[in-house]
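Dear colleague,

Please find below the structure that I am handing over to you, together with its sequence. I would be grateful if you could read the notes that come after it.

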Amino acid sequence: MATARKVILYAIVIFILYTIITSPARAADLVQVGFEGISSAAQGVGQFFTQLIQ
């Protein structure tokens, strides 16, 4: 089981590196979308707690 997990992890890392090397602009767009999603989620949690306190 540990060997299968290691192989899958290596495959994912290789795929990510391949994507970054072959299309850096697209990879940057995906990272930006990810960070915007995290930022939006954090703002939502902040608004929730602000409304909860009031």
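The notes below go from the chain as a whole to individual residues.

Please bear in mind that this is a predicted model.

Overall form

The secondary structure of the chain consists of 2 helices and 0 strands. With a radius of gyration of 18 Å, well over the 10 Å that the globule rule gives for 54 residues, the chain is more spread out than a compact globule. Along the principal axes, the C-alpha atoms fill a box of roughly 50 × 35 × 5 Å. Buried residues account for 2% of the 54 residues in the chain. The accessible surface amounts to about 5000 Å², and 72% of this belongs to carbon and sulfur atoms.

Helix α1

Helix α1 covers residues 2-22. Thr 3 has its place in this helix and is classed as exposed, because its relative accessible area of 59% is over the 50% cut-off. Between Thr 3 and Val 13, which are 10 residues apart along the chain, the C-alpha separation is 15 Å.

Ile 16 also lies in helix α1. Its relative accessible area is 44%, so Ile 16 counts as partly exposed. Ile 16 belongs to a nonpolar patch on the surface, which it forms with Ile 8, Ile 12, Phe 15, Tyr 18 and Ile 20. Together these residues have about 630 Å² of accessible area.

Helix α2

Helix α2 comprises residues 24-53, and Thr 50 is one of them. The relative accessible area of Thr 50 is 41%, which means that this residue is partly exposed. The side chain of Thr 50 reaches the backbone oxygen of Gly 46 at a distance of 2.8 Å. Thr 50 and Arg 5 are 45 residues apart in sequence, and their C-alpha atoms are 42 Å apart in space.

The aromatic pair

How many aromatic pairs does a search of the whole structure find? The search finds 1. This pair is made by Phe 48 and Phe 49, whose ring centres are 5.4 Å apart. Their planes stand at 70 degrees, so the pair is edge-to-face; the cut-off for that class is over 60 degrees. Phe 49 is itself partly exposed, with a relative accessible area of 46%.

With kind regards

Technical notes. Residues are numbered from 1 along each chain as its sequence is written. This is a predicted model: local features need pLDDT of at least 70, side-chain atom pairs count only at pLDDT 80 or more; totals for chains, interfaces and linings use all residues. Side-chain values use heavy atoms; hydrogens and water are left out. Patches are made of residues with over 30% relative accessible area and no salt bridge: like charges are joined within 9 Å, nonpolar side chains (Val, Leu, Ile, Met, Phe, Trp, Tyr) within 5 Å. Accessible areas come from the Shrake-Rupley method with a 1.4 Å probe; for residues, only the protein chains shown count as cover. A salt bridge is a side-chain nitrogen of Lys or Arg within 4 Å of a carboxyl oxygen of Asp or Glu. Helices (H or I, at least four residues) and strands (E, at least two) are DSSP runs, numbered from the N terminus. Buried means under 20% relative accessible area, exposed over 50%, partly exposed in between (1.4 Å probe, protein chains only). Rings of Phe, Tyr and Trp (its six-membered ring) pair if their centres lie within 6.5 Å; planes under 30 degrees apart count as stacked, over 60 as edge-to-face and the rest as tilted. The radius of gyration is taken over C-alpha atoms; the globule rule is 2.2 Å times the number of residues to the power 0.38. A polar contact is a pair of N or O atoms within 3.5 Å; within protein, one must be able to donate a hydrogen and the other to accept it, and residues adjacent in sequence count only if both atoms are side-chain atoms.
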